[in-house]
Amino acid sequence: MPHNETGQIPATNTDTLHRFLGGSPLAVAFRLILLSVLVGVVLAAIGFDPWNILRSIELLFHRIWNLGFDAVNWLWRYFLLGAVIVIPIWLLMRMFGAPRGR
C-alpha cells in the first residue's frame, strides 16, 4: 500500500463518509430522525405548522408582540429551563469529547 509523507494509510471512501457524517450512516440517520421528531414536538407546542412555516413564524412574532413582557418572561423561563440541561451537557461534551485535528 502506498504511504503518504506522514506514514499514514490514505483514507478510504468509507472512512471519509464516516468522518463527514460523524458516524455510520444508519446511526446518523437514526439520530437525525429522533432529533427531528423531538424538535417537531417542541415546534408544535409553540404553534408551528409544518405546511406553512413562514405564516407560523409570523404568528409567533405577532403573539409575542401582543403579549408584551409576559411573552419575554415566558421565553426566558423556558430558556433557563432548557439551559440547565443543555449547557452542562454541551460543556461536558466539549471537555471530554475526542480531540479533533484540522
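Buried residues make up 7% of the 102 residues in the chain; buried means under 20% relative accessible area, exposed over 50%, and partly exposed in between, with a 1.4 Å probe and protein chains only. This is a predicted model, in which local features need pLDDT of at least 70 and side-chain atom pairs count only at pLDDT 80 or more, while totals for chains, interfaces and linings use all residues. Residues are numbered from 1 along each chain as its sequence is written, and side-chain values use heavy atoms, without hydrogens and water.

**Whole chain.** Start with a cartoon view. From the N terminus on, the order is α-α-α-α. Helices (H or I, at least four residues) and strands (E, at least two) are DSSP runs, numbered from the N terminus. Now switch to a surface. The chain exposes about 9,600 Å², and carbon and sulfur atoms supply 71% of that area. Accessible areas come from the Shrake-Rupley method with a 1.4 Å probe; for residues, only the protein chains shown count as cover.

**Helix H2.** Select residues 25-45. This helix has 21 residues and reaches 30 Å from its first C-alpha to its last, close to the 30 Å expected at 1.5 Å a residue. The expected span is 1.5 Å times one less than the number of residues. Next, pick Gly 47, which follows H2 and has a positive phi, near 95°.

**Largest pocket.** Select Val 42, Leu 43, Ala 45, Ile 46, Trp 74, Leu 75, Tyr 78, Phe 79, Leu 81 and Gly 82, the lining of the largest pocket. About 400 Å³ of space lies there. H2 and H4 each supply at least two lining residues. H4 gives the largest share, six residues. A pocket here is an open set of points on a 1 Å grid over the protein atoms alone, where a 1.4 Å probe fits, with protein on both sides within 12 Å along at least five of seven lines; lining residues have an atom within 4 Å of a point.

Move to Ile 89 in helix H4, residues 69-96. Ile 89 counts as partly exposed because its relative accessibility is 45%.

**Last stop.** Select Glu 58 in helix H3, residues 53-67. Its C-alpha is separated by 9.9 Å from that of Phe 48, 10 residues apart along the chain.

Terms used
Points joined across faces, edges and corners; volume = space filled by probe spheres on them.
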